[in-house]
Amino acid sequence: MIVLIFIIQIAMLLCLIPYVSVSTAQNVSEKEINKYCLSCHQKKGSVKKFLEGDPFSVYINPQAFEKSVHRSLTCTECHQEFSDKNHPDRVFRNKLQYSIKESQKCLQCHPKRVIRTRPVHEEIFKKEKQGGATVCTHCHSPHAGTRITGGTVSTSEELYCMKCHSKDNTMKFTAGKTISTKVNVDSIRNSVHRNIGCSDCHFNFTAEDHPRRRFRAEREYRLSSFEICRRCHNDKYSQVSNSIHYSMISSGKLNAPTCVDCHGGHEITTAGRSRISMVKTCEKCHSKPYELYAKSVHGSALLSKNNKDTPVCVDCHSSHSIKAASASDFHDNIPQNCGICHADKKLMGKYGLSTDVVKTYLSDFHGVTLELHRKEGQKLNKKSSQIAVCTDCHGSHEIMPYSGVDMQIIKSRLLKRCQTCHAEATENFPDAWLSHYKPSFAATPVLFIIEWFYKILLVIIVLGLLFQILLDIWRHIRNR
Amino acid sequence: MTSPEQIDNMGNIKRFNAYRIIEHYALIILFVILALTGLPQKFYFLKISQSILVLFGGIDNARVIHHFAAIFFTILIVQHILANFIGIVFLQWRPSMLIAYKDFHDSVHNVRYCLGLVEQPAMCGRYTYKEKGIYWLTLTGGLQMMLTGFVLWFPITVTNYIHGQVIPIAKTIHSSEAMLLFLLIVTWHIYDSVFSPDVFPLNKSIFTGYITKKQMQKLHPLELLRQKEDAQEGEEKTET
């Protein structure tokens, strides 16, 4: 019995030996332990092998470690099973198994409740719930990790962000839908924004902070792009804020386009992209006008011949400051809009079109009244009444060439147009219109003769009167 | 004014009765309103035109005023023609405004006089050839303005009956004639009645109804002569 007790005591003492020896070793070499470990681990080429055969370098860069956040720690504070006396030979199936095991040690100092405060970690914990493992070392280097605040975590912001955003992660909206947060890095490199960093646009996001935002639905998230883009493109933002699209959004119609809907996000290219693609952008929402446009004289020239002279949507409607087509200031500006091309002699000359169309319109009833309304509108603060402009007779998106169409057909169509405003107009009424041409002897002889008669008469009368007055004054001077 | 009683205390001779004075006042007012609301439409591109139209409350208001003034102008012209037609045909008014061969002769004579080729100016009657000229140009011009103005005011109604090209024709005539009348009034008539050394600072006869004997002698010597003869004969005639 006594012998048994002695053996047990001896055994207990033997069990204590390692602890005693370790504590003795720590006491002796606490300051020197890192050097001691590095004496082997700073040698390049030290490789271990996992069971599955993958090699694993045990090399530690002492310079990087000295700069790292963990420089004040000793090796054994993390690698507790190792000491100058004890270096267990552990066996792992592969690197993942090893990493999972080692990551548990991080949690001793970085508890989950603290890690959770960073939304960027949320994805990791989500996976953990689904049976995944937390592997800190996938992102953070334990021996070379610098402070996140003010430190450079990665060689570039792009690489840092793309660590996660190159993967098929998702973000979830409160309404339930999820979208991928994967970013195609090539699309950024080909975009106009290739020289700016992620956080220049995603300005709330930094290496130290990844705020958790809540959006009810994807549309709300897209709308937030206004605030991103305006930081650099404030001029465009202020134009947009006066546009029909913005006022639609303000009134709750959230499907109206925001910056990224037309320009795209990461893949944004220069404004001078193909004119066809510009038209196609508008088509995404405005498919009916597009169909009409595609068949029109303008649209067919663009789409079939890629004619760069023809107007695309934004040439008439403008882009950022786009107004409702029914808005009086848009409507009243149509003759000027059409005039940009149709009063351009060089451009119209290419197609054998007359530039008199704009002049004759502007000097006729509709043009004069419209012009006066426009000027008065500013002074009298009055809204313009709807005076017929180019599109009211010619149509807008569906505009067709008149050449080759029988004059009688044109007139019968014109009468219908006239009747939309002048309900009681008869078939004689459209003859009042001179087909946008100045009066000529061949087309309108009576008018032509009368015009010239008055031109000559006015000159004769004015000269005659002046002659009379001068003669009269001369007589009085002579009589004195 | 054809009798000696029609001479006031100052020795001025009566030239126009109240009817003619009122007619002239009405014509001045309507002419000014029509010109102010009409010409800015012709010269719509000038800044001053826009300022004038704003004074009237905008082009729409200006057109309403123009139309109202046109109605009164039409009444004025129509009553003038009717009154004078009835007066001359039935009441034996003297058609002193009719243009005669003498008027052409007078005008040529006065040009020769101004150039120093003859010693004395032409002897004019109740109305000088200049006054007749402006009267007939205004009257015929006014009639044209009425007709073409009607076409422009009611284009739909008019094109129910006539070819549509009547509208641009009416527009050309209306706007050219307006310019003609405007120039006629502001140059010839204003010079003749205001700035001419014969009448300066103003020929007031159409406002007061009386003309000084001196002016009568100078401008209308034949009329003065006729009045004297009439007075001698003791006849009474109604002037036109």
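Colleague: How many helices and strands does chain A have?

Modeller: Keep in mind that this is a predicted model. To read the make-up of a chain, tally its runs of helix and strand. Here, chain A has 27 helices and four strands.

Colleague: What share of the residues of chain A count as buried?

Modeller: A residue counts as buried if 20 or more other C-beta atoms lie within 10 Å of its own. In chain A, 13% of the 480 residues pass that test.

Colleague: Okay, on to the two chains together. How many residues of chain B are in contact with chain A?

Modeller: There are 34 from chain B, and they meet 39 residues of chain A. On chain B's side, helices H2, H4, H6 and H7 each supply at least two residues, and H7 gives the most, with 13. By class, that side has 21 nonpolar, 13 polar and no charged residues.

Colleague: Which residues have the most contacts inside the largest nonpolar core?

Modeller: That core has 13 residues, and the list includes A:Phe429 and A:Ala432 from chain A along with B:Val151 and B:Ile167 from chain B. Helix H7 of chain B, residues 166-195, brings the largest share of the core, five residues.

Colleague: What does B:Ile167 touch?

Modeller: Leaving out residues up to four places away in sequence, B:Ile167 touches A:Ala432 in the other chain, plus B:Val151, B:Pro155 and B:Thr159.

Notes:
Residues numbered from 1 in each chain as written. Chains lettered and ligands numbered in written order. Predicted model: local features only at pLDDT ≥ 70, side-chain atom pairs only at ≥ 80, totals over all residues. Core = buried A, V, L, I, M, F, W, Y, C linked by C-beta atoms within 7 Å. Buried ≥ 20, exposed ≤ 12 C-beta atoms within 10 Å, placed from the backbone. Contact = placed C-beta atoms within 7 Å. Nonpolar A, V, L, I, M, F, W, Y, C, P; charged D, E, K, R; others polar.
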